[in-house]
Amino acid sequence: MHLLLYAFALLVVLSNASPLYRRAPATIHSTCTVPGTFAITVDDGPYNQTWDLIKYLNEQNVHATFFINGKNWVDVATDSTLTSDGEKTYMDHVRFMHSSGHQVASHTFTHQILTDLTEDEIIDEMNMMSDLIYEAIQERPRYMRPPNGAYDDATQATLGNLGYEMVLWDLDSKDYINHNATVNERVFVQAFKDEDPKAQVTPAAISSKPEVSKPTPLPTGSHIALMHDVHYQTGPELIPWLVGQLRTRGYKMTTVADCLDDPRPYQ
Ligand SMILES: *[C@@H]1O[C@H](CO)[C@@H](O)[C@H](O)[C@H]1NC(C)=O
Ligand SMILES: *[C@@H]1O[C@H](CO)[C@@H](O)[C@H](O)[C@H]1NC(C)=O
């Protein structure tokens, strides 16, 4: 009888216990850490331009990171779209990203602003997205980006406990505001100007030294750039322009995990 009571009391305590935070709050990454790397990141897809964007990146031998939703612009579990390779389901898209070496990451299931949600709702958003990605590629993402970049201490704690790393950005194309690639390019043009190695050399230093042809110095900056493969200009115009610029300047275009020197993109 005594033992039974004890067991009952323990059950009550356990069922009322607040969630155990076994892990630290999620780490937030806003930039790459490996010098000279550049992570192209695309949010909110997959959508009808995504298949051909993946093909383009593959032809260019560039790896990018896709922060995908399950139900945002399309229902990934059930919808399909016409591509240059015929009709493809969105689950095929997720498999194509992964098999091509791009990083598949989570942007939540329905693109809810996480600071508006309860802890249980955040857990549902993350687990539903993780389950869908698992169904497609038999991997669970370890990297996520909170919709609109919105988070607070509670969000960070919950995401950390679920085993996620959080990814923000340091260069924002604002392709979701201006649907014009020329306008979206400006933030990158400015960043390239700011860190052009030649611009760091003073005119006096140039004139006091004899002319020697040196190899172009590699860029030392490293960036995480925010884009969205749901706005018509981004896949067909902005990203090809950016890839050309980055190649000319010697940046290494990698996934987010690679630009952080992390060998584990998945949980
Ligand atoms: C994607 O769908 C939108 C909305 O129907 C359409 O305007 C756009 O042209 C489509 N883009 C592609 C690449 O099919
Ligand atoms: C895009 O923006 C540029 C620069 O402001 C402008 O010259 C161009 O006409 C715009 N293109 C469209 C299609 O609006």
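Just after helix α9, G250 takes a positive phi of about 85°. The structure is a predicted model, in which local features need pLDDT of at least 70, side-chain atom pairs count only at pLDDT 80 or more, and totals for chains, interfaces and linings use all residues. Residues are numbered from 1 along each chain as its sequence is written, while chains are lettered from A and ligands numbered from 1 in the order in which they are written.

Helix α9 itself covers residues 234–249, and T234, G235, L238, I239, L242, V243 and L246 in it are buried (20 or more other C-beta atoms within 10 Å of the residue's own, with C-beta atoms placed from the backbone; exposed means 12 or fewer, and partly exposed is in between). Helices here are DSSP runs of H or I with at least four residues, strands are runs of E with at least two, and both are numbered from the N terminus. Looking down the axis of α9, the buried residues fall within an arc of 130° (taken from the directions from the helix axis to the C-beta atoms), so they line one face of the helix. Over on the other side of α9, G244 and T248 are exposed.

Then there is P265, which sits in the segment after α10 (256–259). P265 counts as buried because it has 21 C-beta neighbours inside 10 Å. Leaving out residues up to four places away in sequence, P265 touches Q103, R142, Y143, T255 and A257 (contact means C-beta atoms, placed from the backbone, within 7 Å). The C-alpha atoms of P265 and E165 are 9.5 Å apart, although 100 residues separate the two along the chain.

Notes: Two residues are in contact if their C-beta atoms, placed from the backbone, lie within 7 Å.
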